[in-house]
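Please consult the sequence and the structure shown here before reading on.

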Amino acid sequence: MDKKRKKWNARELFFMIKEELEKEGLIPDDILDYSSAGSASELILAEEFDVVPHIVHGACEGIYMDIRLEAGECARVFSTPKPELRLGTFKTLQTDKEAYKKTAMLGAEFVYALLEYIDKHRDEFNWTGFDITAFRNAGDTIGKMWTPSYKRALEHARKLTSRPGVAAYVVIRNNETEKEEVIRRNEMTA
């Protein structure tokens, strides 16, 4: 297994996605006044969050958009007990309809780019809980899910391997220790 990189914090993740959008020419420089990143001390520990662009039309103050990660009622996702994390803000002093539309489009591009990155680099965002990956006999992946407890991981493995034709085996991965356990169909049927 490749060694994981260090944990992402709000500041570096915001700047990394912003830089990717700049390379692709997707940052509307003609309307933006500035951007600012979130805290370097707030870490992302699990990928169980929604990416939400929150746009506010501030009248004479222009338009600003916060990019937030919202975890809801899930397990501990961030290094702070808060259920949301601000990645960063984009601000324009303009107040017209076109500036609002460009800001909204920037939000959509940011969300898409971040989700695409997470999809390709899941290990960088899973530092807590347990990943459960189900496989067919030939090693084909059926699906993957996350749970906060080992007990729940075992329950899911039991369900997946006890149904005929569903899963031949399940791999439970402890995201904190990176250790994996393989549960085979015949081990869980008793």
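Which residue in S3 does Val52 stand opposite? Val52 faces Arg68 in S3. The model is predicted, with local features requiring pLDDT of at least 70 and side-chain atom pairs pLDDT 80 or more, while totals for chains, interfaces and linings use all residues. Residues are numbered from 1 along each chain as its sequence is written, and side-chain values use heavy atoms, leaving out hydrogens and water.

**Sheet S1-S4-S3-S2**

- Four strands form this open sheet in the order S1-S4-S3-S2, with antiparallel pairing; strands pair if DSSP finds at least two bridges between them.
- The twist averages 15° from one strand to the next, angles running from 0 to 180 degrees between N-to-C directions of lines fitted to C-alpha atoms, for helices over the stretch in contact.
- S2 and S3 (residues 63-70) run antiparallel and are joined by eight bridges.
- Helix H1 packs on the sheet, touching S1 and S4 (84-92), and its direction makes about 45° with that of S4; contact means heavy atoms within 4.5 Å.
- Helices (H or I, at least four residues) and strands (E, at least two) are DSSP runs, numbered from the N terminus.

**Salt bridges**

- The whole structure holds 10 salt bridges, each a side-chain nitrogen of Lys or Arg within 4 Å of a carboxyl oxygen of Asp or Glu.
- One of them joins Lys82 to Glu42, with the closest N and O atoms 2.7 Å apart.
- Because Lys82 lies in the loop between S3 and S4 and Glu42 in the loop between S1 and S2, the pair ties together parts that are 40 residues apart in sequence.

**Sheet S6-S5-S7-S8**

- Four strands in the order S6-S5-S7-S8 form an open sheet, again with antiparallel pairing.
- The edge strands are S6 (141-147) and S8 (180-184), each pairing on one side only.
- Neighbouring strands of this sheet are turned by 20° against each other on average, direction ignored.
- Five bridges pair S7 (residues 169-174) with S8 in the antiparallel sense, and Arg173 stands opposite Glu180 in S8.
- Helix H3 (residues 150-162) lies across S5 (130-135), S6, S7 and S8, running at about 170° to S7.

**Largest pocket**

- The lining of the largest pocket includes Met16, Glu20, Tyr112 and Lys120; a pocket is an open set of points on a 1 Å grid over the protein atoms alone, where a 1.4 Å probe fits, with protein on both sides within 12 Å along at least five of seven lines, and lining residues have an atom within 4 Å of a point.
- Helices H1 (10-23) and H2 (97-120) each give two or more residues to this lining.
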